[in-house]
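The sequence and the structure are shown first.

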Amino acid sequence: TGSADYEFPATKHTTLGIRLLPLFVYDQDDDDTVWGAGFGFTGRLYQKGNDYKGLFGEIEASAIGHSERFIGNDSNLNFMTGFGVGYEFQNNLHLVVKYRHISNAGLGDKNQGINSLGLGIGYSF
């Protein structure tokens, strides 16, 4: 996935944000590649206060619409939830290790979920 976030301070240790997923790609073994986009929300809890740098925990929830269907899932609308642990450097770069789960939340008869582990790299403007 690629994403663009707008993050704002909620407290001296937390931020809230909105997330745009302009590109979502999932390659399925021996089946059609899923292409899509989405929109959601994020929250971060930083170890230190006030400067929003250093170690953080992150949660996310997004709705994603896509072209093809995931194997074992009969909906073109799914929800992606996840959490991660990351580090925001003083130069505004950040790294985060994420666990994500995708499913249609029971909107369809078939709702086989997809789990993933990934690495995110970002820059704050």
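Glu58 and Arg44 are both buried in this predicted model, and their side chains meet in a salt bridge with an N to O distance of 2.9 Å. The pair links distant parts of the chain, with Glu58 in strand β4 and Arg44 in strand β3, 14 residues apart. For Arg44, the relative accessible area is 8%.

Arg44 also meets the side chain of Glu7 in a salt bridge, at 3.8 Å from N to O.

| Salt bridge | N to O distance |
|---|---|
| Glu7 and Arg44 | 3.8 Å |
| Glu58 and Arg44 | 2.9 Å |

The structure holds nine salt bridges. A network of salt bridges links Asp5, Glu7, Arg19, Arg44, Lys53, Glu58, Glu60, Glu88, Lys98 and Arg100. In general, side chains of opposite charge can pair when their charged atoms come close.

The strands that carry these residues belong to an open sheet of seven strands, in the order β1-β2-β3-β4-β5-β6-β7, with antiparallel pairing. Strands β1 (2-9) and β7 (114-123) stand at the edges; each has a single partner strand, so one side of each is left without a neighbour in the sheet. From one strand to the next, the twist averages 20°.

Within the sheet, strand β3 (residues 34-46) and strand β4 (residues 54-66) run antiparallel and are joined by eleven bridges. Gly38, for instance, has Ile64 in β4 as its bridge partner.

Ile64 is also a member of the largest nonpolar core, which consists of eight residues: Leu21, Phe24, Val34, Ile64, Phe70, Met80, Ile102 and Ile114. Which residues does Phe70 touch, not counting residues up to four places away in sequence? Its contacts are Phe24, Tyr26, Gln28, Val34, Asn78, Ile102 and Ile114. Among these, Phe24, Val34, Ile102 and Ile114 also belong to the largest nonpolar core.

Thr33 lies in the loop between β2 (14-26) and β3. With 26% relative accessibility, Thr33 counts as partly exposed. The side chains of Thr33 and Asp27 are joined by a polar contact of 3.2 Å. Leaving aside residues up to four places away in sequence, Thr33 touches Val25, Tyr26, Asp27, Ser67 and Glu68. One of these, Ser67, is 34 residues from Thr33 along the chain, and the C-alpha atoms of the two are separated by 8.7 Å. Tyr26, a further contact of Thr33, is also touched by Phe70.

Technical notes: Residues are numbered from 1 along each chain as its sequence is written. This is a predicted model: local features need pLDDT of at least 70, side-chain atom pairs count only at pLDDT 80 or more; totals for chains, interfaces and linings use all residues. Side-chain values use heavy atoms; hydrogens and water are left out. Two strands pair if DSSP finds at least two bridges between them. Helices (H or I, at least four residues) and strands (E, at least two) are DSSP runs, numbered from the N terminus. Axes are lines fitted to C-alpha atoms, for helices over the stretch in contact, and angles run from 0 to 180 degrees between N-to-C directions. A nonpolar core is a set of buried Ala, Val, Leu, Ile, Met, Phe, Trp, Tyr and Cys residues joined through side-chain atoms within 4.5 Å. Buried means under 20% relative accessible area, exposed over 50%, partly exposed in between (1.4 Å probe, protein chains only). Contact means heavy atoms within 4.5 Å. A salt bridge is a side-chain nitrogen of Lys or Arg within 4 Å of a carboxyl oxygen of Asp or Glu. A polar contact is a pair of N or O atoms within 3.5 Å; within protein, one must be able to donate a hydrogen and the other to accept it, and residues adjacent in sequence count only if both atoms are side-chain atoms.
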